[in-house]
Each structure stands twice: as C-alpha cells, then as structure tokens.
There are 2 protein chains.
Amino acid sequence: MSNAVQQSLDYLFRPSSIALAGITVANPDHWTRVFLDALTAFEFDRPLYLVNPRGGEINGRKVYTSMADIPDSVEYVISTVSAPAAPGLIMECARKGVRAVHFCTSGFSETGEEEGIKLQNKLVELSRQTGIRIIGPNCMGVYCPESRVSFNPEFPRESGSVAYISQSGGNTAILVRDAGLRGVRFRKVMSYGNACDLNESDFLEYLATDPDTKIIAMYIEGVRDGMRFRKALEKAAREKTLVLLKGGATEGGARATASHTGALAGSQRTWNALCKQLNIIGVDTLPELADVLVALEFMSIPEGRNVALLGGGGGPSVLITDQFERYGLKVPRLPEDIRLKIREYSQAAGNMLRNPIDYGQNMWEAGKFSKTLNIVNRWADVDFITIYLGAGMMPPEMMPMMAGLIQEVLELTRDASKPLAMVFVPSIVPREADVAFPIIKKLVSLKCPVFYSFEGAAKAISAVLSHDGQRLARLRA
Amino acid sequence: MSNAVQQSLDYLFRPSSIALAGITVANPDHWTRVFLDALTAFEFDRPLYLVNPRGGEINGRKVYTSMADIPDSVEYVISTVSAPAAPGLIMECARKGVRAVHFCTSGFSETGEEEGIKLQNKLVELSRQTGIRIIGPNCMGVYCPESRVSFNPEFPRESGSVAYISQSGGNTAILVRDAGLRGVRFRKVMSYGNACDLNESDFLEYLATDPDTKIIAMYIEGVRDGMRFRKALEKAAREKTLVLLKGGATEGGARATASHTGALAGSQRTWNALCKQLNIIGVDTLPELADVLVALEFMSIPEGRNVALLGGGGGPSVLITDQFERYGLKVPRLPEDIRLKIREYSQAAGNMLRNPIDYGQNMWEAGKFSKTLNIVNRWADVDFITIYLGAGMMPPEMMPMMAGLIQEVLELTRDASKPLAMVFVPSIVPREADVAFPIIKKLVSLKCPVFYSFEGAAKAISAVLSHDGQRLARLRA
C-alpha cells in the first residue's frame with residue numbers, strides 16, 4: 001500500500017461528517033441508538049445526520065428518509081441496517097459520494113450460512129465497483145477520543161498513545177474499559193470484525209507511521225493475507241511496541257473464530273514463533289493485555305530483573321515471591337547492612353526484615369514506611385520495587401488508612417530512582433469495593449502502575465523486560 | 001502417632017473451655033481483642049476466661065490477673081502475650097492443667113534473630129517437660145464453626161466438609177473468605193505458623209481419619225520431618241481429596257518461608273513429583289486453591305473432558321474456548337442436527353450457533369435460553385456445560401436482567417443430567433459490584449459452582465478431572 005493510501009485512512013478516525021444509517025426512531029433503548037448516544041456524549045462537533053426510511057426526529061434532530069435526502073455531502077457512514085439491506089445502502093452511499101461505510105450489523109459470512117456468505121461477497125463486489133471502503137461487517141468501528149468519535153458513551157474522553165485494532169467489538173469494549181480504569185488511554189481504536197474490505201494489514205500499515213501512536217495492541221482472530229500481514233508486523237514492530245492477543249490459538253478456538261468473524265486462524269506455534277522473531281509481546285488473555293499496557297505506559301523499564309518486594313502479610317509475601325520468581329524475576333537476599341538499618345526503628349516480631357519485606361504492622365505507620373522505602377530505594381542490587389497490598393490482606397475498616405500510604409507512594413514515585421509497581425488486590429464485595437476502588441483510582445491518578453494480582457504483575461513486568469532486552473540487543477547488533 | 005493420640009486432637013477443635021491470656025483491657029480496637037470478638041460473634045457456649053495481669057473487666061466479663069486466679073479448670077489457652085512472656089505462661093498453664101496453648105504472637109524463630117530462636121527452643125523444651133501441646137507460635141489457630149471456635153468474627157457460621165491446614169494466618173483468612181464467598185464451607189481449619197510442637201504431620205494424620213472431612217486443603221511452607229509427612233500424605237490421600245499449595249516453591253520463595261515460619265522448603269520439583277505420585281491436586285496460588293475447592297464441592301465430576309460452552313459475546317467466546325483447550329479440555333464441534341434445532345427459533349445473525357454457542361442477543365430471552373440449554377443438555381458428546389457471563393460483557397444496567405437467567409440456571413442444575421459450571425466475571429467498580437455481587441451470591445445459594453475467570457474455571461475443572469481419572473485408574477488397578 002502506498003504512502004498516499006496510508007494517509008487516507010486518517011479520515012476513518014476523524015471523519016469530517018457522519019451519517020447514522022438505520023437508526024431506530026421509536027425506541028431510545030434500541031441497540032442502534034448506541035452510536036448517537038456515544039457521539040453525543042463525546043460532543044462530536046462536525047455534521048451528524050440520522051437516516052431511517054420512516055423519517056421523524058430524535059432529540060430534536062431531523063431523521064432523513066434516505067441518504068439522498070441529506071442536503072450536504074457525507075464522508076463516513078455508520079450502518080445499523082439489517083444485513084440484507086446492506087448492499088442497497090452501499091449504492092445509496094455511492095451516489096452521495098461517501099468514502100467509507102462501517103457495517104455494524106452481523107448476519108454475514110460469520111454465520112457460516114449460504115445467505116450470509118453471499119451477502120458479504122456482494123458487499124466486497126460493490127466496494128470494488130464504487131470505491132467505497134468498508135469497515136466490518138459485524139463490528140463496532142472507531143473509537144478516537146481526540147476527534148470525538150466513539151461507539152461507547154462510557155469510554156474515556158482523554159486521548160493517549162495506545163492504538164488498538166481488534167476483530168471483536170466485545171473484546172474492544174472490555175479492554176478499553178479495563179485498561180482505562182487503570183489509566184491507559186487510547187489514540188486510535190478500530191473494531192473491524194469480518195474485515196471483508198479494510199483489514200488488519202491496512203490498519204497496521206497505517207498505524208505504523210502514525211506519529212501519535214507509541215504502542216499498538218492487537219486482538220486478531222485470523223488474517224486475510226499472511227505474507228502482507230507479516231510484512232506489516234515487521235515494519236510496525238520497528239516503529240512501535242506491539243502487543244498481540246491471538247484469538248483462536250487452539251483447535252476449538254480456531255473453529256470459534258471461523259464462526260465469529262469467518263477468519264482463518266493459523267496455529268498457536270506459528271504465532272508464538274512470529275512474536276518471538278519480531279519481538280512482539282504475546283499475551284493469552286485480555287487481563288494480561290491490560291497488564292502489559294499498564295506496565296508499558298506507567299513503569300519506567302527496570303534495568304534488570306531484581307526486585308525488592310515490600311508489603312503486608314507473611315503468607316502473601318511468600319506467594320508473591322514465588323510468582324515473581326516463576327516468571328523469571330529475581331528476589332535477591334536483603335543485605336545485612338540494609339536489614340540492620342530497617343531494624344533500627346522496626347521491631348523484628350511481626351515483620352519479615354528480608355526480601356520480601358513483609359512490613360506487617362509497621363506498614364501502617366507512614367513515617368516508618370516511607371523511611372523503609374527510601375532505604376530500599378538506595379539498595380544498589382535491585383532494579384525495581386513492588387509494593388503489594390489490598391483487599392483480603394486487611395479488614396475493610398483498615399483500608400481508609402491506606403490514604404497515608406498512598407501519599408508515601410506518591411512521594412516515592414516522584415523522587416524515586418527506581419521504577420515502582422503496585423499490586424493492589426481489589427474487592428468484588430460492594431462494601432469493600434466502595435473503599436478499595438477509590439484507592440485504586442487515586443493510585444492511577446498518580447500515574448502509578450496498578451496490577452490486581454501477584455501473577456498479573458509478574459507476568460507483565462517480565463514480558464516487558466524481555467521485550468526491552470531484545471530491543472536493546474537489536475540496537476546494539 | 002497412635003490412634004489414641006490422633007483422637008486426642010479433637011479437643012483442639014472443640015475445647016471444653018478457653019482462656020484468652022494477654023488480652024488488652026483498655027483498648028477495644030487492639031489486635032489482641034480479635035479472639036474475644038470472634039468467639040463472641042460465634043456464640044461460643046462453653047466457659048471462656050480472660051486473663052491479664054492488670055485485671056479489670058471487658059463487656060461485663062471479669063479479667064483474671066493470672067491463670068491461677070481462674071476458679072475452674074481450663075483446657076485450651078489462646079495466648080497473645082509478648083514473645084518473652086510465653087515461657088512463663090506455659091508454666092502457669094502447667095500448674096492449671098491446661099492441655100494446649102496456641103501462641104498467636106510472633107517474635108520467635110521466624111525473625112532469624114538469636115533471641116527469638118532461643119525463645120522458641122525454650123517453648124519446645126517446656127512443652128516436652130509439661131506435656132502441654134503448643135500450636136504455633138506466630139499463627140491464628142483454630143476455626144471450627146460447628147464447635148463455635150473462630151479467630152475471625154466475619155467467617156461463615158456454617159460448617160462444611162473442607163479441612164484446611166495452613167502455615168500462614170493471612171493465607172488462612174484470605175482462603176476462608178474468598179472460597180467462603182463462593183459457598184465453600186469448612187469443617188476444621190488450623191493456622192499453625194512456626195509449628196514448633198504440633199505440626200503439619202500431626203494435623204494431617206488427625207484429619208485423615210476425621211469422618212466429617214472430605215477434602216483437605218493445605219498451605220505448607222515447609223515440613224519438619226519429610227519421611228513422616230510423606231507417610232501422612234500417602235495415608236490421607238487414600239481417604240480424602242488433597243489439595244496442596246506449596247509456599248516457597250522458588251528459590252526466593254524458600255528464603256521467604258524461612259523468614260516467615262522458619263521452615264525448610266524443599267524444591268518445587270520434589271513437591272510436584274510428590275503431588276503426581278500421590279494424586280494430590282497441586283496449585284500455585286490462593287485463587288487457584290479456591291477454584292479447585294469450588295469445583296470439588298459444587299460440580300459433579302464430568303465423565304470426560306468435552307464441554308459445551310454457552311455464553312455472551314463473540315470475542316469472549318473465542319477466548320474462553322482457547323483457555324479451555326489450553327488446559328486440556330475439549331470444545332467439540334456442534335453437530336448439524338443440534339445446530340438446526342437451535343436455529344429453528346434463533347436468528348443466525350448476532351449468534352454463533354456452533355460450540356462455543358455465543359448466544360448474543362437471544363440470550364436475554366429466558367424462554368429461548370432455557371430451550372437451548374435443554375437441547376445442549378441432550379447432546380451426547382459433551383460431558384459438561386459451562387455458561388459464561390459477567391461484568392464487562394454487558395452494560396451494568398442490563399445486569400438486573402440476569403435474574404431471569406439465574407432462574408434458568410436453577411432449573412437446569414436441578415434437572416440437569418450434565419454437570420454445570422458458571423463463569424461469572426465480577427466487577428471491582430462499586431456501582432457494578434452492587435449489581436454483580438448479588439447475582440454471584442444468588443448463584444452460590446443455588447449451589448452453582450461459580451468461577452471468576454475463563455482461565456480459573458478451565459484450570460480447576462481440568463485439575464479435578466485429572467485427579468478423578470487417576471483415582472479411578474487406581475481403583476481399577
């Protein structure tokens with residue numbers, strides 16, 4: 001794809017005008033209303049048209065009975081018309097000079113049924129004839145906060161440096177939401193479903209040269225053109241950090257992707273080899289993908305794998321150590337001189353003055369905790385610090401005391417010479433979530449990388465370290 | 001240990017009288033008050049005495065100034081006296097005819113400091129001299145709801161069939177709480193810390209013949225006598241289902257256990273081999289331990305590894321399939337005749353009528369959902385059904401509609417010929433937890449095995465299947 005064509009994908013992420021074709025007029029809770037709700041919530045500030053053959057009005061906005069009815073030109077159409085009506089819409093759009101149509105609706109090749117496959121083939125044919133580019137079908141389309149485009153009214157309004165291309169609308173919503181709660185912000189997100197016209201390679205080639213994108217996250221079920229995609233990955237991996245979640249990695253999963261987006265999946269082994277070769281961070285689950293994004297966004301990359309662990313509770317301290325070492329991180333012995341420094345103002349009983357430093361009861365004294373953090377921060381043999389706390393490790397009524405601790409963490413992260421990660425185990429119990437969630441939000445607002453589990457933190461930090469090691473080795477080679 | 005001695009450990013779990021030695025009189029929020037709070041909350045109905053040299057009164061209860069002061073005999077003492085006062089307390093208890101003392105306080109060999117090690121050695125010496133058995137030091141002791149003994153006022157009041165011996169008080173509280181939220185109930189729980197006298201082998205030998213215990217869960221950091229423990233495991237594994245979380249499995253973790261309970265850890269490889277040989281279910285984390293207990297308690301063991309997956313969302317459907325197959329479960333193709341039966345009343349668009357059966361929009365119609373469940377339930381080639389739903393997969397305002405679904409699940413689990421598992425992804429966001437948590441509680445009250453993640457369900461169900469397969473093979477051999 002030439003550079004000129006790449007540039008042209010810009011309009012998908014910041015269309016000069018949008019028409020919502022197929023929006024339901026009568027029922028404000030109907031699913032087809034989600035795009036209007038989202039664009040309204042995001043205060044979309046360019047022309048926006050609603051189209052439904054029945055006409056009428058929604059929130060004081062005129063509903064046009066056809067595309068032809070719209071008085072001005074339209075660049076981009078989001079379609080919620082039923083699958084059988086999709087080809088007709090393309091022809092209407094062609095007459096209107098529309099550049100691209102996002103078909104949200106399902107009922108195409110992913111059904112595995114003849115009718116759906118035929119309909120999708122028809123879309124491809126019409127796209128080639130008319131020059132109109134198609135996103136989808138069977139997907140949620142674009143989220144680009146800086147241009148005020150979203151398919152979900154709840155998504156963050158702020159823009160970030162992460163791009164995300166995903167074949168699944170659900171997995172897009174889940175990641176944007178979960179990573180979003182932890183402070184990750186997105187630049188350009190594309191849920192592209194069946195990829196009958198524009199596909200993963202188009203988006204990847206475009207994002208590889210996008211100046212505002214630093215990280216490209218991907219949920220890929222299958223690719224249309226393996227050779228082209230490999231080249232696109234290779235190029236993008238030179239410019240950006242790539243994180244890949246391959247859906248349909250197993251035999252059953254591959255069958256599922258065929259049914260979900262009609263994609264051909266490829267074996268897990270092939271994908272693993274590709275990730276290794278191109279230094280792409282491969283993950284297996286959405287929580288892992290969010291963890292890696294958090295590590296990449298909020299943790300300065302440690303110079304090595306040695307960690308000082310600092311937290312509460314003897315048993316949890318043992319288990320976090322096991323998890324960190326299982327994922328290839330190292331928890332070195334605390335030198336005696338450092339131990340003695342901490343011992344000066346800490347009692348031995350109820351504390352483990354080693355590494356992990358289970359700081360037991362003393363943890364709750366802000367002065368002592370900050371003193372210990374400062375001492376550990378000057379320990380030359382460790383590359384980063386991880387603090388672990390959370391629900392289940394303390395009674396809920398003690399959680400408000402966490403406020404003081406957060407202050408310490410803030411002070412530490414501001415002056416710290418060493419990278420810091422926080423494991424804060426959240427709670428799903430309402431009365432505890434009421435206390436724990438604001439603490440997580442506070443930590444996130446301080447740009448602290450927050451992980452929800454020992455394993456999640458260990459796996460993500462290890463993956464980012466491996467990625468960075470390979471990057472540096474290549475730079476040196 | 002002879003059978004007579006084994007019987008004698010009964011009194012630890014149902015003491016005829018308890019004295020709380022070292023309880024603070026002045027400050028009701030002091031940590032030493034937790035045992036009184038817990039015994040009060042559990043309505044402990046045998047004689048309970050409070051002891052502190054300063055005397056006084058707590059909630060209308062007399063505080064005796066010494067053990068000698070107590071007018072009646074005392075069987076069991078829970079001590080929160082400081083470490084240096086512990087030897088003196090044993091002598092007082094000996095004069096009183098006490099059978100066992102649980103030393104909660106830390107400051108012994110786990111500190112790695114000479115003074116603490118000496119103090120612990122002194123306790124062992126006095127235990128041998130006086131015949132008083134010691135639990136601990138550095139632990140939380142007994143939780144046995146049927147005898148109204150607990151160290152935590154929040155623990156469930158109901159008794160179950162799971163025993164749990166744990167070297168960490170924190171890891172005891174976390175497991176009882178987290179497994180408890182999912183319906184698991186405990187028979188006899190022992191947090192035994194440094195194990196200077198009574199140790200893992202004593203408790204395991206006792207529990208192996210305990211008629212009310214079906215499952216024995218263990219958090220073990222290290223063992224005193226490897227040969228004896230191995231024999232105890234062997235014997236217990238013949239009688240009960242054993243689940244083992246080994247703390248300190250890694251090099252750093254082993255160093256941490258030395259510092260936590262002074263235990264010698266042994267290598268991960270040794271422990272893995274032991275688990276395999278004795279058909280013990282080995283786990284690496286507390287959430288995994290809870291998952292396995294949930295599977296053992298609430299899921300009839302499937303006859304094989306073939307699963308029908310039924311849930312919401314195309315992307316999540318692909319990912320749960322991958323996770324199930326990664327852990328050795330099989331997601332077989334849906335036969336065409338079954339697909340056509342479901343197709344009769346379901347549209348193809350927005351649904352994946354394969355396996356996984358992403359039931360998309362149709363899922364929200366209770367009638368159709370129950371119909372599909374019934375059809376799948378008659379599918380001869382699958383051994384169990386897993387339904388997946390939860391926060392992130394739907395807007396919070398849609399969650400109340402889950403009520404209808406739960407009704408279906410209830411109906412299904414009542415008449416089902418196939419075992420059923422539920423993955424319900426919870427939320428940590430307060431307004432969502434307010435809706436999601438009651439749904440989880442409802443499912444739990446219906447005796448439904450609830451897992452919080454795709455991976456958690458897959459790993460636990462696979463582990464239980466492997467365990468059962470080995471058990472059956474041994475029975476046949």
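## Backbone features in the loops

In this predicted model, B:Asn59 sits in the loop that runs between strand 3 (56-58) and strand 4 (61-64) of chain B. Its phi is near 50°, a positive value in a residue other than glycine, and B:Asn59 counts as exposed because 9 other C-beta atoms lie within 10 Å, where 12 or fewer is the limit for that class. B:Asn279 belongs to the loop between helix 10 (268-278) and strand 13 (281-283) of chain B, and with 18 other C-beta atoms within 10 Å it is classed as partly exposed. Most residues other than glycine have a negative phi, and most peptide bonds are trans.

One joins A:Gly136 and A:Pro137, with omega about 0°, and A:Pro137 lies in the loop between strand 7 (133-135) and strand 8 (141-143) of chain A. The other joins B:Asn355 and B:Pro356, with omega about 10°, and B:Pro356 is placed in the loop between strand 15 (352-353) and strand 16 (357-358) of chain B.

When residues up to four places away in sequence are not counted, A:Val63 touches A:Val25, A:Leu50, A:Val51, A:Asn52, A:Gly55, A:Gly56, A:Glu57 and A:Ile58. The C-alpha atoms of A:Val63 and A:Tyr49 are 7.3 Å apart in space, while the two residues are 14 residues apart in sequence.

A:Ile70 is found in the loop between strand 4 and strand 5 (76-79) of chain A, and it too is partly exposed, with 18 other C-beta atoms within 10 Å. Leaving aside neighbours within four places in sequence, A:Ile70 is in contact with A:Ala19, A:Tyr49, A:Tyr64 and A:Lys96. A distance of 8.5 Å separates the C-alpha atoms of A:Ile70 and A:Val51, which are 19 residues apart along the chain.

## A helix pair in chain A

Two packed helices are described by the angle between their axes and the distance between the axes. For helix 4 (residues 86-96) and helix 5 (residues 114-130) of chain A, the angle is about 10° and the axes are 9 Å apart; helix 4 and helix 5 of chain A are therefore roughly parallel to each other. Helix 4 of chain A contributes A:Ala86, A:Pro87, A:Ile90, A:Met91 and A:Ala94 to the contact, and helix 5 of chain A contributes A:Leu119, A:Lys122, A:Leu123, A:Leu126, A:Ser127 and A:Thr130. By class, this contact of helix 4 with helix 5 has eight nonpolar, two polar and one charged residues.

## The fold of chain A as a whole

Chain A holds 17 helices and 19 strands, and its C-alpha atoms fill a box of roughly 80 × 50 × 40 Å along the principal axes. A compact globule with 477 residues would have a radius of gyration near 23 Å, and the 25 Å of chain A agrees with this. Of the 477 residues in chain A, 58% are buried. Among contacts in chain A between residues at least 6 apart in sequence, 75% join residues at least 24 apart.

## How the two chains are arranged

Chain A can be laid on chain B with an RMSD of 0.0 Å by a turn of 180° and a shift of 0.0 Å along the axis, and the two copies are thus related as by a two-fold rotation axis. Within chain A, the C-alpha nearest the axis belongs to A:Ile428, at 2.4 Å from it.

The contact between the chains takes 59 residues from chain A and 59 residues from chain B. On the side of chain A that touches chain B, helix 6 (169-181), helix 9 (251-261), helix 12 (314-326) and helix 16 (430-445) of chain A each supply at least two residues, and the largest share, 10 residues, comes from helix 12 of chain A. By class, that side of chain A has 21 nonpolar, 24 polar and 14 charged residues. Since 100% of the interface residues of chain A are also interface residues in chain B, the copies meet through the same surface.

Definitions and conventions:
Residues are numbered from 1 along each chain as its sequence is written. Chains are lettered from A and ligands numbered from 1 in the order in which they are written. This is a predicted model: local features need pLDDT of at least 70, side-chain atom pairs count only at pLDDT 80 or more; totals for chains, interfaces and linings use all residues. Copies are superposed by least squares on the C-alpha atoms of residues with pLDDT of at least 70 in both. Two residues are in contact if their C-beta atoms, placed from the backbone, lie within 7 Å. Helices (H or I, at least four residues) and strands (E, at least two) are DSSP runs, numbered from the N terminus. The radius of gyration is taken over C-alpha atoms; the globule rule is 2.2 Å times the number of residues to the power 0.38. A residue is buried if 20 or more other C-beta atoms lie within 10 Å of its own, exposed if 12 or fewer, and partly exposed in between; C-beta atoms are placed from the backbone. Axes are lines fitted to C-alpha atoms, for helices over the stretch in contact, and angles run from 0 to 180 degrees between N-to-C directions. Angles under 35 degrees count as roughly parallel, over 145 as roughly antiparallel, 65 to 115 as roughly perpendicular and the rest as oblique. Ala, Val, Leu, Ile, Met, Phe, Trp, Tyr, Cys and Pro count as nonpolar, Asp, Glu, Lys and Arg as charged, and the others, Gly among them, as polar.
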